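This report describes the fold of two chains and the contact between them. The sequence and structure come first.

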Amino acid sequence: MSSYNDGTHVRSSGGSDDSTANTPNNVKYVAAGTADWGDGTENCSAVLDGECTLKINVTYDSSITVTSITMWAYDGTTESTAPTNLDVYLFESGDTAWTNADGSAAAMSLTDSDTPATSHDFYVAMSVSPSAVGTQSSNAVKFAFTYQ
Amino acid sequence: MLPEEKVKFVVGLSNGEHLTEGEGVLSKVRGEDSPWWKLQHYLEDNDLEIRSMSLYSKTKVGNRHYHLPNENNKFKGEVPKAYNCFRRYSGDVLVNNARYEHYTVMEAIYDDYKVQLWVSEIDNDKCWVNMIIIDHELEERRKKDEEVFGSSGG
């Protein structure tokens, strides 16, 4: 508790570790502008696309732009309510600092992808600190965007 | 892959043409520009402007038509200086059976504000009107950023 993740895993609906051949990179919050993805503390801006925890892919059959993109963690019920018993930090690849994205009012903004394409990738590092023991599976992370 | 939209936009142009999303000039073809970007190219290539905009959808109880004010305004509303249409999507990531929201939005743009009509893609019978004050200082900063960086950063 009250420290940040040393590992990141995929959890099956039954609660078992489902990370086999699908283990996400672990990126740990160190300080406001630094992170450790497994090779020691470095600036957030030095973490590469392929070293981030998540690759979020938006696809469409014709070419669209994706803009006004935000991402935040919430309690799984009300988007403006911070996650229960979790402190969630995010940054997009290239950012210089973490965003404490607890609740929609604290959402992280991502860079517009404003060249029309059928596929848009977004790379996000995520670090979490629990304030209580136990599974916190009611919480959720929301990704929102505009497309044309 | 994003869900297929059921709500389509219809525009009236300065040459008298009416174009419908997914049809003719604005046909939706895999790998080509979306109907919205096809419309932008068509306007630019033919030196045209949008003079009216509406949304339509086929629902369980019949066709729905939603209209923004225009120069032939039935109710004498103020004529917009421009129009826009976009989709807004938000959904849970990292979980199965993710909840999501999906809207088609058209907006009438005036000097100092925008009037938006949001229609739910999940239930086309539900819509909302929203009014937004335009922050001219923010718009100016965005334009300068685009000049410097060549893209509007998030």
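Two strands are said to pair if DSSP finds at least two bridges between them. By that criterion, strand E9 (residues 140-147) of chain A pairs with E5(B) in the antiparallel sense, over seven bridges. One of the positions involved is Thr146(A), whose bridge partner in E5(B) is Arg88(B). The model is predicted, and the values below are computed from it.

**The contact between the chains**

Chain B gives 26 residues to the contact and chain A gives 25 residues. On the side of chain B that touches chain A, helix H1 (35-45) and strand E5 (82-93) each supply at least two residues. The largest share of that side comes from E5(B), with eight residues. E5(B) is also the strand that pairs with strand E9 of chain A. By residue class, the side of chain B that touches chain A divides into 10 nonpolar, nine polar and seven charged residues.

**Chain A**

Chain A has zero helices and nine strands, and its pattern along the sequence is β-β-β-β-β-β-β-β-β. Its radius of gyration is 15 Å, close to the 15 Å that the globule rule gives for 148 residues, so chain A is as compact as a globular protein of that length. Of the contacts in chain A with a separation of 6 or more, 67% are between residues 24 or more positions apart.

**Chain B**

Chain B has two helices and eight strands. From the N terminus, its elements follow the order β-β-α-β-β-β-β-β-β-α. One helix therefore falls between strands in this order, and another stands at the end, since helices and strands are numbered as runs from the N terminus. For contacts between residues at least 6 apart in sequence, the share that joins residues at least 24 apart is 41% in chain B.

Which strands join the two chains? Strand E9 of chain A and E5(B) pair in the antiparallel sense, and E5(B) supplies eight residues of the side of chain B that touches chain A.

Note on methods:
Residues are numbered from 1 along each chain as its sequence is written. Chains are lettered from A and ligands numbered from 1 in the order in which they are written. This is a predicted model: local features need pLDDT of at least 70, side-chain atom pairs count only at pLDDT 80 or more; totals for chains, interfaces and linings use all residues. Helices (H or I, at least four residues) and strands (E, at least two) are DSSP runs, numbered from the N terminus. The radius of gyration is taken over C-alpha atoms; the globule rule is 2.2 Å times the number of residues to the power 0.38. Two residues are in contact if their C-beta atoms, placed from the backbone, lie within 7 Å. Ala, Val, Leu, Ile, Met, Phe, Trp, Tyr, Cys and Pro count as nonpolar, Asp, Glu, Lys and Arg as charged, and the others, Gly among them, as polar.
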